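The sequence and the model are shown first, and the description follows.

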Amino acid sequence: MSAANQQPLLSVRDLKVHFPIYGGVLRKQVGTVKAVDGVSFDLAPGEVLGLVGESGSGKTTVGRAISNILRAMSPDVVLGGEATINHEGQTAQLNDLKRSEMLPWRAKVQMIFQDPFSSLNPRMTVQQLIERPMELHLDLSSAERKERVAYLLDRVGLQPEYAERYPHEFSGGQRQRIGIARALSTNPTLIIADEPVSALDVSVQAQVINLMAELREEFGLTYLFVAHDLAIVYHIADRIAVMYLGDIVEIGSADQVYNDPKHPYTRALLSSVPQPDPRHDTSGRIRLEGDIPSPLAKPSGCGFRTRCPIAKDSCAEEAPEWLELGEGRGVGCPHTSEL
Amino acid sequence: MSDIQNNEASDAPAEAPLSVLQRRWKKFKTLKRGWYSFQILVFLYLASFLLPFLVSSDALCVRYQGEWHFPVFGGYHQARDFGQDQVGEVSWRDLQEQYYFESEDDFVLLPPYPYNPLENLLHESNLKGQPPHAPNAYHILGTDDRGRDVFARLIYGFRTSITFALGVIIISYIIGMTVGACFGYFSGRVDFWGQRLVEIWSGLPFLYTIIIISSIVKPGMWLLILLLALFRWVGISFYMRGEFYREKSKDYVAAAIAQGESHRSIMFRHILPNGLTPVISFAPFAVVVTISSLVSLDYLGFGLPAPTPSWGELVNQGLENITAWHLVFFPLSALFITLLLVVFIGEAVREAFDPKVFSRLR
């Protein structure tokens with residue numbers, strides 16, 4: 001928040017991720033899944049941006065496009081727009097780099113994954129898992145690497161003696177800690193956390209979130225924190241961006257978005273957050289009808305109009321205007337005053 | 001908070017952690033039938049490399065007029081140099097008899113079974129009448145229709161069969177795993193067009209190709225291994241492709257990409273160890289198939305060149321001399337027992353790799 005005037009660490013402009021769909025004997029392109037369709041945001045150094053949205057909104061894809069692993073995993077993908085990273089005077093266009101040009105940035109941009117069970121290679125010991133990125137990026141002797149693995153394990157709250165064990169010997173929370181230690185091993189500046197706690201028990205979620213907050217202070221990290229749980233994002237994020245069907249519909253500081261939502265979708269999302277008080281009045285709760293539309297056949301105009309309580313005829317005709325509300329606040333709905 | 005976490009893991013057994021493969025090996029050893037079959041086959045195969053010392057017509061060691069000779073290590077030994085009055089090479093069995101009667105100091109030490117798989121025994125005094133001869137005390141499994149010792153041929157044929165099967169499997173697995181890994185990993189266009197090429201390749205009729213090639217060159221053992229491997233890799237490439245497609249979508253591959261690993265490193269260091277299950281569980285059955293195909297090729301006459309001791313050739317002789325029971329019974333029993341042992345191994349390997357037993361590892 002405080003760093004709003006600085007040059008952003010990561011600046012994403014009009015990011016598009018389209019997956020072509022092939023069909024028939026001749027493998028002609030029969031359609032396009034517009035998973036992400038024109039997303040823009042800035043991420044200041046040291047900031048935590050929470051990216052929220054329901055399943056299928058493209059939030060995970062944004063993280064994977066920025067970390068440049070999408071292109072390697074699905075060669076057909078069409079990437080558009082820019083994701084620029086600024087670090088120590090160096091600038092790079094992440095989604096445009098060749099493999100060899102990307103290599104030095106790999107150390108700076110690391111990921112934490114959602115599923116702690118599939119994100120650790122079951123055939124590698126903890127030592128090998130955490131050591132491998134160091135072998136690739138840091139010039140350390142094997143004794144120094146071993147020392148650093150022990151240090152990182154200690155730092156994420158695991159005993160250094162666990163280094164020789166295999167991932168299946170750990171619980172979900174412990175595995176996620178190993179994943180965090182692996183992400184930290186190359187001294188990154190930007191960490192893309194892809195729903196890092198969604199797969200964990202609620203009691204463990206809080207531990208991991210607090211650990212991530214501690215590590216942010218200690219290592220000066222910047223997080224792009226992808227999640228679908230608004231309460232968790234509110235707890236850790238400085239700013240929140242809400243995604244719906246491949247677009248950002250609202251962005252602003254965590255307080256503003258959480259306490260004064262401007263977009264009808266954000267309102268619906270917030271009113272769906274469970275309240276611990278059983279006597280809490282749920283009559284005013286906004287219930288959305290139906291499912292998120294398929295990104296294969298997006299509605300014309302505003303993507304949210306099919307489920308929007310204040311939709312008008314004009315919403316079907318053209319894409320909604322983006323309203324800048326000042327202080328980095330923005331909302332993708334021109335009728336927001338009617339809420 | 002970390003104390004709660006740590007206590008949880010310290011409940012795990014205190015012994016050294018085992019990798020998944022180590023656990024499966026341990027499990028395999030508990031499956032007695034497969035484990036004993038494995039031990040028997042490995043012992044027999046390793047012992048078969050000592051065959052020149054066990055089953056051979058060359059003497060192990062000879063003492064003649066105060067000098068020591070070791071014919072088992074090769075070299076040409078003229079009959080006259082050892083006091084035999086015949087032209088050409090020494091007959092060590094005759095020489096042993098000769099020294100036994102004539103000399104006190106000279107002697108010949110023969111291997112335990114002093115017959116060669118290639119030598120013609122028609123002049124032997126202990127064989128009467130026309131070949132094939134029925135088993136007797138000297139030739140425990142009798143002789144074939146050219147008067148060669150069946151036991152010697154069977155036991156050398158065992159070594160040939162297993163070497164052949166291992167050769168074919170190693171080469172075809174290397175090709176098949178690499179090709180399948182590339183298709184599965186790179187997917188997209190590489191996979192689509194690669195698969196079409198593989199389909200064309202697998203449409204080539206194997207037997208005709210072998211017949212045509214053997215009409216041009218007489219295939220030796222290694223050419224035959226290579227040819228068979230070139231036709232056998234297709235199956236395993238499909239399994240590898242499937243494994244790579246499945247494993248590729250898992251997050252640990254995304255993590256490897258995010259770490260900046262090279263394609264080759266991701267394929268062979270990260271994905272391959274997780275995709276080995278079908279490959280390893282199919283290997284014993286591939287041994288069965290390969291041994292059988294060598295037998296059938298030899299049987300049809302397109303296999304190993306003529307004097308090579310091979311099981312298919314023996315089975316063929318059994319068919320031609322159906323009345324000589326030992327030529328039918330012994331080669332087929334040897335084939336049956338070997339294949340049975342390999343199937344037992346395969347069964348145990350499959351069970352050891354069954355994900356249901358180790359479901360928490362997956």
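This is a predicted model: local features need pLDDT of at least 70, side-chain atom pairs count only at pLDDT 80 or more; totals for chains, interfaces and linings use all residues.

In chain A, the hairpin formed by E1(A) and E2(A) has 4 residues between its strands, and Gly24(A) adopts a positive phi near 80° there.

**Strand pairing in chain A**

Strand E1(A) has two pairings to describe. With E2(A), which covers residues 28-43, E1(A) pairs in the antiparallel sense over 12 bridges. Within this pairing, Ser11(A) has Asp42(A) of E2(A) as its bridge partner. E1(A) itself covers residues 10-23, and E1(A) also pairs in the antiparallel sense with E4(A), residues 78-87, over 7 bridges. Here Lys16(A) stands opposite Gly80(A) of E4(A). The two pairings are set out below.

| Strand pair | Sense | Bridges |
|---|---|---|
| E1(A) and E2(A) | antiparallel | 12 bridges |
| E1(A) and E4(A) | antiparallel | 7 bridges |

In a regular strand, side chains alternate between the two faces of the sheet.

**Overall form of chain B**

Chain B contains 14 helices and 3 strands. The C-alpha trace of chain B spans about 90 × 55 × 40 Å along its principal axes. The radius of gyration of chain B is 27 Å, whereas a compact globule of 362 residues would have a value near 21 Å.

**A helix pair in chain B**

Helix H12(B), residues 277-300, packs against helix H14(B), residues 325-352, at an angle of about 165°, and their axes lie 7 Å apart. Because angles over 145 degrees count as roughly antiparallel, H12(B) and H14(B) are roughly antiparallel to each other. The crossing of H12(B) past H14(B) is left-handed. On the H12(B) side, the residues that meet H14(B) include Ile280(B), Phe285(B), Val288(B) and Ile291(B), while those on the H14(B) side include Leu335(B), Leu339(B), Val342(B) and Arg350(B). The residues of this contact between H12(B) and H14(B) comprise 13 nonpolar, 3 polar and 1 charged.

**The contact between the chains**

Where chains A and B meet, 36 residues of chain A are in contact with 30 residues of chain B. On the side of chain B that touches chain A, helices H1 (2-10), H7 (188-202) and H10 (251-258) of chain B each supply at least two residues. The most is given by H10(B), with 6 residues. By class, the residues on this side of chain B divide into 14 nonpolar, 10 polar and 6 charged.

Key: Residues are numbered from 1 along each chain as its sequence is written. Chains are lettered from A and ligands numbered from 1 in the order in which they are written. Two strands pair if DSSP finds at least two bridges between them. Two residues are in contact if their C-beta atoms, placed from the backbone, lie within 7 Å. Ala, Val, Leu, Ile, Met, Phe, Trp, Tyr, Cys and Pro count as nonpolar, Asp, Glu, Lys and Arg as charged, and the others, Gly among them, as polar. Axes are lines fitted to C-alpha atoms, for helices over the stretch in contact, and angles run from 0 to 180 degrees between N-to-C directions. Angles under 35 degrees count as roughly parallel, over 145 as roughly antiparallel, 65 to 115 as roughly perpendicular and the rest as oblique. A crossing is left-handed if the near helix is turned anticlockwise from the far one by less than a right angle, and right-handed if clockwise. The radius of gyration is taken over C-alpha atoms; the globule rule is 2.2 Å times the number of residues to the power 0.38.
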